[in-house]
Amino acid sequence: MIRAIRGASAAARVARRAGGVQARGVSDLAEPSEPHVATAVPGPQSARVLQELGQLQDTRAAVFAADYEKSVGNYIADADGNVLLDMYCQIASIPVGYNNPRVLRAAQGPEMARALANRPALGVFPPRDWAGVLRDAFMRVAPRGLDMVFTTAHGSDANELAYKAALMHHARTCRGARAASERELASVMDNQAPGAPDVAILSFSRGFHGRTFGALSTTRSKALHKLDIPAFASWPRAPFPQLRYPLDKHAGANAQEEKRCVEALERILRTHPVPVAAVIVEPVQSEGGDRHASAEFFRAVRSVTSECGVLMIVDEVQTGCGATGSFWAHEQWGLQAPPDMVTFSKKMQAAGFYHTRALVPDQAYRNFNTWLGDPPRALIARAIVDEVLGQGLVAQVRATGAYLLSHLQPLAIRYHRLVQNVRGAGTFLAFDCPTAELRAELLHLLRQEGVNMGGSGELAVRFRPMLTLAKPHVNVFLTRLESVLNKMDQKHWPRA
């Protein structure tokens, strides 16, 4: 459950911001009622922009060139004047709509100007009001049981620094009250034990935790991400359940599959030749193909990690900030003991991890870098949290997601050769196509109809809309999805 705003001072600060005078230049664009497609997507202007940009950066992953000045609410505009309903939202990273007035006011105020002009080394020279910013931006919505926040640059960074916290905690536990020995201090400078011990972070098959150096050793989604990069070879992986759908028809098989995976996890933690400091898991394996598991599975993971003395890190980089129908997806698990760390980024528009004081290193400068996050991103996160709580957007996600899911399921019956394994929570939904080629065709045709969507894993089509998505948007989407499905069905399975 989202916790109430803590303390009268926080409530007063929120009220002052909500009632402030509108800043000059706040977008007065009105959200359209439907998409507008004037050219192919991508069109000639996008092609020109990407060709020019391609002289300076690799643009092979680019879909089209966006016009963010004309994008508004749930709709993204491109360089050709096309306006698409955005169900992908910068890879799940836009929470409250393009050019949201509250976020624009936060971006244009004097507090933001000072933060941009005077970027501090937060660990050494924090601003005098930094504690208040942290409370309003992050601690109002902190996961239960976690009373501290470590701010970072991005999701991979959040996970990597959480790993460091776990490894330092493990070493301190093993070392006890004694200080590091001279041998430890000398050997670490040669990247050798005992100062650089062989200790592991365990992740799950098909998981994704980022592309930075340490995070890559826990990423298991695609070989392409990891190829040619040295890895921590002793870091193990455990199997993640492969559930069968619909869930109600495969309850017994799915329970056995989850039992198998929990038993494998426990076996690894108890017998792996290298000690495991922490287990990291996503509530939904988002990049791995939108793979889900039950609340019972995650409760079992928490139980096993606790029994084995291993920390549990929940990677909420993609699931956090309301998209699953609770502010944090792991709130739906009913854990008796909270995770030890929860990492976040994307929809929060800022990054970091929540933790307890027990995970603060024994000395300063150990888990550290120059910036330790960025005050402008925290100010934007504060405005986002204001909007999410003030507008009741988590409840809206639950209602909109249930409505969308109730219409996807009949489509999966009618177009069963194209839409399979409908699943998800809130608006964090997905379905599979039978082949990667059919998925690519479906996504391309949706863009031509004015809907921007993306894939995950090998076969999944994923829904990553704004928290502001409402039933009228869903109706616009469903009309265009059914049009595309009908065209593909007639093309690939023509009727006599």
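This is a predicted model: local features need pLDDT of at least 70, side-chain atom pairs count only at pLDDT 80 or more; totals for chains, interfaces and linings use all residues.
How many helices and how many strands are there in the protein chain? The chain has 16 helices and 15 strands. Its radius of gyration is 23 Å, close to the 23 Å that the globule rule gives for 496 residues, so the chain is as compact as a globular protein of that length.

**Overall dimensions and surface**

- The C-alpha trace of the protein chain spans about 75 × 55 × 50 Å along its principal axes.
- Of the 496 residues, 51% count as buried.
- The protein chain exposes about 22800 Å², and carbon and sulfur atoms supply 55% of that area.
- Among the contacts with a separation of 6 or more, 74% are accounted for by residues 24 or more positions apart.
- The side chains include 56 positive and 46 negative ones; the centres of these two sets lie 3 Å apart.

**Nonpolar cores**

- In soluble globular proteins, nonpolar side chains tend to be buried together.
- The largest nonpolar core in this chain has 80 residues, and the residues with the most contacts inside it are F138, F204 and Y354.
- Helix α13, which covers residues 375-390, supplies the largest share of this core, namely 8 residues.
- A second, separate core has 33 residues; L404, L469, V476 and L485 are among them.
- When residues up to four places away in sequence are not counted, F204 touches R220, A238, P239, F240, L265, V279, I280, V281, Q285, F297 and V301.

- A77 is found in strand β2, which comprises residues 75-78.
- The relative accessibility of A77 is 3%, and the cut-off for a buried residue is under 20%, so A77 counts as buried.
- A77 and A66 are 11 residues apart in sequence, while their C-alpha atoms are 5.8 Å apart in space.

**Cis peptide bonds**

- The peptide bond from A193 to P194 is cis, and its omega is near 10°.
- P194 lies in the loop between helix α8 (182-187) and strand β5 (200-204).
- Y245 and P246 are likewise joined by a cis peptide bond, with an omega of about -5°.
- P246 has its place in the loop between β6 (237-238) and α11 (251-271).

- A92 is not a glycine, yet it has a positive phi of about 75°.
- The place of A92 is in helix α3, residues 89-92.
- Is A92 buried or exposed? A92 has a relative accessible area of 0%, and therefore it is buried.
- C321, a residue other than glycine, also has a positive phi, with a value near 70°.
- C321 is found in the loop between β8 (311-315) and β9 (341-344).
- Because its relative accessibility is 0%, C321 counts as buried.

Terms used: Residues are numbered from 1 along each chain as its sequence is written. Side-chain values use heavy atoms; hydrogens and water are left out. Helices (H or I, at least four residues) and strands (E, at least two) are DSSP runs, numbered from the N terminus. The radius of gyration is taken over C-alpha atoms; the globule rule is 2.2 Å times the number of residues to the power 0.38. Buried means under 20% relative accessible area, exposed over 50%, partly exposed in between (1.4 Å probe, protein chains only). Contact means heavy atoms within 4.5 Å. Accessible areas come from the Shrake-Rupley method with a 1.4 Å probe; for residues, only the protein chains shown count as cover. Lys and Arg count as positive and Asp and Glu as negative; His and the chain ends are not counted. The place of a charge is taken as NZ of Lys, CZ of Arg, CG of Asp or CD of Glu. A nonpolar core is a set of buried Ala, Val, Leu, Ile, Met, Phe, Trp, Tyr and Cys residues joined through side-chain atoms within 4.5 Å.
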